[in-house]
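I begin with a helix pair.

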Amino acid sequence: MDVNECRVVDSLRALFTTERVVFWHDTDSQFAITLESLELGDDIAIMRLEQAPVLAVKRQLEQQPASQFLLYSTSAEPDAAADWLLDVRLRSKAFRADLTTLLIENLGLTSLALAPYIRSRTKFLGAEARRSKLKRLVESSDGEAELDRKMMAVLLRSDESEPLTIAHQLLLGLWVEGQPRIGEPAKAWIDLQGYGLEPAFWELMQRTFGYQSDEPALADLWLRILVTEFARTISAEAPYSIRHLLLENSQLANNATILAARWRNDLHSHAAYAHLSAAVAQMLKLGELISGWHAEDLLECMTFAAVERQIIHDLKTRVMQLGGAALGDVQTITARRRDGHWSNALISDASDEIRALSACYDAIEAAAEFLALKERYAAGFSFADAATAVQAYRDELYRFDQWYRCFHFAADKVEPMGWGVLHELRDAIEDAYSGWFIPGLSSAWAGVLAGEQGLLATWRVPGMTPQQDFFDNHVAAALSGGTTKRVFVLISDAFRYEAGETLVREINAKNRFTAKLDAMLSVLPSYTALGMAALLPHQSIAYKTGDSLDVLVDGQSTATLESRNAQLARYDGIAVKADELLALGKTKGRELVGQHKVIYLYHDLIDMLGDKQGSEGQTFRAVADTVKELSGVISHIINNLNGSMVLVTADHGFLYQESPLDDASRAALPEKPAGTLKAKKRYLIGRDLPANDKIWQGTTALTAGTTPGAGSADFWLPKGAMRFHFAGGARFVHGSAMPQEVIVPLITVRVSESDSARTRPVEISLMGFSNKVVTNTQRFELIQTEPTSNRVLPRTVRISLRDGETPVSNEQILTFDSASSVLGERVKSIILTIRSGSYDRQKEYFFIARDAQTKVEVLRVPLKIDLAFSNGF
């Protein structure tokens, strides 16, 4: 039995303590169905007056004088003149069960004036499950509007009954099985109609949004909410063709902004918002309406993905037309949009569309950076000597390779969407890199290599470690100092200098980790077998006598992990693959490392993918994955294996271009010269090779420190970025003498407990605010109190106005990542929209900023809300 039935039973039992016969005229038939289930006791007989003749009833009453009877009827009490049971009635009691009153009491309501309303909602209240859920939401002072709203919440299976939540849940019904169904009735809507709550809902929407229509519909409400938010967040006038769709009440229209923003921030219903907003954008032909608009006109608008695409198109056009001069605009606009919705890294996993839009900004920004750098070197490249050239590459020129990689890595993420927005930019960047930078750098670098005193004749750069001296200069030197007991050496095949700089930035963002970037001059030819041998501890490096060109270290082969392990064992060391060490975990990893002083870890992803025709197109993705994997290995070494020093380097770098090569990139090599033992795209090795002034040539005795004579080999290299042949893929290459191939990173990672090695996010502060909100849209300015650095990291915060934990505004995201020392350049502003409603002018509300990742509150400022115009629900 439910609560109401229990109360009826209790009341009847109380009557039967003094009465033998009780009459119950249930004229609303409220208990006609459940009458037999009332547990009155075995000694009380229930007789339905409509089902038994009156004389039979009187006879039973007379024949059982000791028994008690409940005489139940769904008809009204008859007139005395026509009442055949009048004599019984006069000496008995009448029972009346007012279900409405019982329901009011059961729900915890205090006003009996709600009785007519409660009777009008008997269909909804007829089920105990619905009544129970409703009771949890009801407050004693609730009136009809509040109760209707809470009944809607029950039907929508929501724990919240505030109007925006009700609207959100019902509008979600327009999205069915992953597809927008605008115009089709949703199940929740049909339920709401079935319980007579449709008029109450539209009244609620009028009070909440100011929505009115002769033929109200969910699809129309959704259309007007989005159009209104769009119009309120652009800085231009709304297109004339959609103005008639705006919600007219300017104060209540704030709630359209609040609802749309709240929906976008809800990851559980993000897909629904994306599809339903796209359906509206298509209906409005929004792409055509805003075609040609500038990004600044749309900067604060997050309503439609079509807005994001127009901003991206505008920025791409600026970069195409202005080149590097567009960089400032690109950075400012991109930063704001990344804090918005459609390209926010915090929710990039939400959809393919968001990932692609975010990648568009990455690509455009990389292109603008590349072109700005290009303009600084409009006069080309010129180097006085090798040391100057190497330093120029290490200081800045490597960024051409880095921005080129970042552009294509980002652009490749966009391609699966089938968008053509970056195609022109691809061509422009490709022409600038492969048609200008590489040829220009090649020409200037050739001047460094050539001549009797050129780099090729000495293969030494002052202050720069030759690769073959790596172990003595860096590993042995660290161990001999006495403070370092163990050195981990992490070697990643083809991990070039610009990628090393990326890794250093990532490592320096980690708490207690410090990373320093240096460089070595690789062996020449710059290929794996020779480079890996040079990095090992050794007394001698030599090519094996004969035609095999096996590289020997101290007379032993080093081609396999086992052979390298054997060589390292002579120096109290061990060799292991990086992924195998990770797989061992903490305990077994420590056991493997044991008492060894030197641990060489080998990693191979870039060369494995890049050096194959079928996968060379994945080179830049492999670089990104390598940075992530190396960072993980370093963290594992330091955090789990007690490592305090890690050296990261490579056997060689690489050259890569996206566009296919043509015959102009092929070096003239009609046939292999006599004495050739190995011929690759970027190098040719043999013995007693003839002289040829069309190529670079030399001996490994000079460029790799191999044993002179039979232990060394001669080599030919194509000049610049040329290839000897294209067989097996030619876009990814290494082996010759370009800076990207021979300047390899040398990263020293240490762990420190000092305060200077600890990272922390930047601090922020609210500036110039009067602590009173007087309009429904309020601008706030925040300042990043210090520049970012290796140790002071960017911070992303979510900002809103709150009453306790209840938001009274939309939520905005801001990222503070400026490295500028100029205060004015570290100021950011946002506009918060205050929810329409009544606010206590004396009450404290709060401006609150919370870290977007940790959810920790980083800023709380009290304020008063004193709106000139306010509307209650």
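**Entry 1**

The model is predicted, with pLDDT of at least 70 needed for local features and 80 or more for side-chain atom pairs, while totals for chains, interfaces and linings use all residues. Residue numbers start from 1 along each chain as its sequence is written, and side-chain values rest on heavy atoms, without hydrogens and water.

Helices (H or I, at least four residues) and strands (E, at least two) are DSSP runs numbered from the N terminus. I noted that the axes of α19 (residues 386-414) and α20 come within 12 Å and cross at roughly 160 degrees. Axes here are lines fitted to C-alpha atoms, for helices over the stretch in contact, with angles from 0 to 180 degrees between N-to-C directions. α19 is therefore roughly antiparallel to α20; angles over 145 degrees count as such, under 35 as roughly parallel, 65 to 115 as roughly perpendicular and the rest as oblique.

Contact means heavy atoms within 4.5 Å. Among the residues that meet are Phe-400, Tyr-404 and Phe-407 of α19 and Tyr-433, Trp-436 and Trp-445 of α20. I recorded 16 nonpolar, two polar and four charged residues in the contact of α19 with α20. Nonpolar covers Ala, Val, Leu, Ile, Met, Phe, Trp, Tyr, Cys and Pro; charged covers Asp, Glu, Lys and Arg; the others, Gly among them, are polar.

**Entry 2: α18 and the cores**

I turned to α18 and α20 (residues 423-449), whose axes come within 11 Å and cross at roughly 35 degrees. This crossing of α18 and α20 is left-handed. In α18, Ile-364, Ala-367, Phe-370, Leu-371 and Lys-374 meet Leu-425, Ile-429, Ala-432, Tyr-433 and Trp-436 in α20. Nine of the residues in the contact of α18 with α20 are nonpolar, none is polar and one is charged.

A nonpolar core is a set of buried Ala, Val, Leu, Ile, Met, Phe, Trp, Tyr and Cys residues joined through side-chain atoms within 4.5 Å. The largest has 214 residues, and Trp-24, Phe-201 and Phe-230 have the most contacts inside it. Helix α18 (residues 352-376) gives the most to this core, with 15 residues. I also found a second, separate core of 26 residues, including Phe-816 and Leu-867.

I located Phe-654 in the loop between β15 (645-649) and β16 (655-656). Phe-654 counts as buried at 0% relative accessibility; buried means under 20% relative accessible area, exposed over 50% and partly exposed in between, for a 1.4 Å probe and protein chains only. Beyond its neighbours within four places in sequence, the contacts of Phe-654 include Ala-494, Arg-496, Phe-620 and Phe-732.

Ala-494 lies in the loop between β8 (487-492) and α23 (497-508) and is also buried, at 0% relative accessibility. I noted its positive phi of about 70 degrees, although Ala-494 is not a glycine.

**Entry 3: Further backbone sites**

Most residues other than glycine have a negative phi, and most peptide bonds are trans. Arg-512, in the loop between α23 and β9, has a positive phi of about 80 degrees. I recorded a cis peptide bond from Leu-524 to Pro-525, with omega near 0 degrees. Pro-525 is in the loop between β9 (513-521) and α24 (528-535).

Conventions. Left-handed = near helix turned anticlockwise from the far one by under 90°.
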